[in-house]
Amino acid sequence: MKFRKMAAVFAAMAMMCSTVSVSAFAAEEATNSEAVYGEEESDIDKDGEYLSVYFDVAFEGEEVSAAEFAANLNKAVTQEEEAQAEDWMAAVKEAVCAANYEELALSYPDEKVAGELAEYGIDAEGENARYLACALDTDLVSVPEAEAVVSGDALPVEMAERILMNVIEARGEGRNYLGYSEDPDIYAKLIHTWNSFILYDDGTLSSIGAQAVEDKVVTGYNLKNDEFDARFLPELTLQYGHSDITHAQQLIGLLKSEDIQAKVQLEPKVSIYEYLLDWGPVPEEATPTYEVKQVKDDLYLVYAVEYDLKLEFDDEEDMLRFDDVIKQYAKKYEGNEEAVGLIYASWWQPLYSTTVEGMPEENYCEIDDCIIKDGIYSLHSFCMTQDTENVVKALQAMDDSVTVETETRYCNTAFYNYLSGADYQ
């Protein structure tokens, strides 16, 4: 059983013990947290890696001084005034201010400061004590971290990384996700998020995309809104595309049944492709999630809301197991056209990919994602690597005010067969 599951069990047990006092529970929490620090499984969020990848921040040793923390806080967070800290109590004040909680801390009367710290079992005095109380109340620091702060010593690097990540997350600049695959409410969050998605458009990108479809440069493309970007660690992340939310819910349940754990984000995308007239009469009425637009006399384009399910796995092993799970439970094959024993709305050729190099060659194939950005929106079109140069040249020629970028991705074999036309499964 992994750490988050254990933590959930401990929390549930604590809630049932209603006779335990707040201070006793805080002390027990501190003991449990201290036991967790230093264990490999406690770093599920991989704070050090995340700070390095997204903020180019790295603490130098196993212990971190207040001055070094303040310097890295300045590097990660843009503020009107640079943070400075001679001791860790001052560093916590800087963290509270950077997290935009300064007014909250200043609202604490002295008696409230004393009361809050006493409940947490923390003995601290001075003007900065109110910032420590606020940091505890807003979960910027934990009880064991607060104890380390008031001791006056340097903090273990894991604690410093966690506090800095908490500041970044409070500012909305860290990961952007719904929760964990094993969270009881993840299914409700998925469907509520899906129900909030509606069609959106970007004139510049749609003009380029429509021309590309008309010229047969691409068969279709996706429009994405970068404000929904999960900002996950690339080396542990897969992107899974689909159009049915029940499929996503069942997929998360499938992962749980296979003891695969991951952080979960649902990113909207508008899938745009040609509507072929032999499909039947062109739908005249648009809905908030589906519309067919006539862009030329003989060219109609479908605009349909779909999603990319982003998954940041706890470890490489879970990430690699994902392919086998999909092949067994979420992919159609010849002879099982009725999808018996598969989760709802399984496709012949599911679509999932990653930017991680070195994925098993028998399961993943290299492709390119041609990308054009315009503000918060971006156009994406997958292509075979041998076609990339021609696709980029054609797209670039359509509008010299934009830049066409490419990103190497590694997709599952079935989707590669779809993209290449080699097979239907």
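This report describes the nonpolar cores, aromatic pairs and charge–ring contacts of a predicted model.

## Nonpolar cores

The largest nonpolar core holds 58 residues, of which Leu266, Leu309, Leu311 and Phe322 touch the most other members. The biggest contribution to this core, eight residues, comes from strand β8, spanning residues 299–313.

Beyond its neighbours within four places in sequence, Leu266 is in contact with Leu178, Leu190, Thr193, Trp194, Phe197, Phe228, Ile245, Tyr307, Asp308 and Leu309. In soluble globular proteins, nonpolar side chains tend to be buried together.

## Aromatic pairs

The model contains 18 aromatic pairs. One of them joins Tyr177 and Tyr180, whose ring centres are 5.8 Å apart; the planes meet at 80°, so the pair is classed as edge-to-face, for which the angle must be over 60 degrees. Tyr177 is partly exposed, because its relative accessible area of 28% falls between the 20% and 50% limits. Tyr180, by contrast, is buried, because its value of 14% is under 20%.

Trp194 and Phe197 also pair edge-to-face, with 6.1 Å from centre to centre and 75° between the planes. Both of these residues, Trp194 and Phe197, are buried, and both are among the contacts of Leu266. Elsewhere, ring pairs connect Tyr240, Phe313, Phe322, Tyr352 and Tyr364 into a cluster; Phe322 is also one of the residues that touch the most other members of the largest core.

## Charges over rings

Two lysines are placed over tyrosine rings. Lys112 lies over the face of Tyr108, 4.3 Å from the ring centre. Lys331 has its charged end over the ring of Tyr333, at 4.0 Å from the centre.

Definitions and conventions. Residues are numbered from 1 along each chain as its sequence is written. This is a predicted model: local features need pLDDT of at least 70, side-chain atom pairs count only at pLDDT 80 or more; totals for chains, interfaces and linings use all residues. Side-chain values use heavy atoms; hydrogens and water are left out. A nonpolar core is a set of buried Ala, Val, Leu, Ile, Met, Phe, Trp, Tyr and Cys residues joined through side-chain atoms within 4.5 Å. Buried means under 20% relative accessible area, exposed over 50%, partly exposed in between (1.4 Å probe, protein chains only). Helices (H or I, at least four residues) and strands (E, at least two) are DSSP runs, numbered from the N terminus. Contact means heavy atoms within 4.5 Å. Rings of Phe, Tyr and Trp (its six-membered ring) pair if their centres lie within 6.5 Å; planes under 30 degrees apart count as stacked, over 60 as edge-to-face and the rest as tilted. A charge sits over a ring if NZ of Lys or CZ of Arg is within 6 Å of the ring centre and within 35 degrees of the ring normal.
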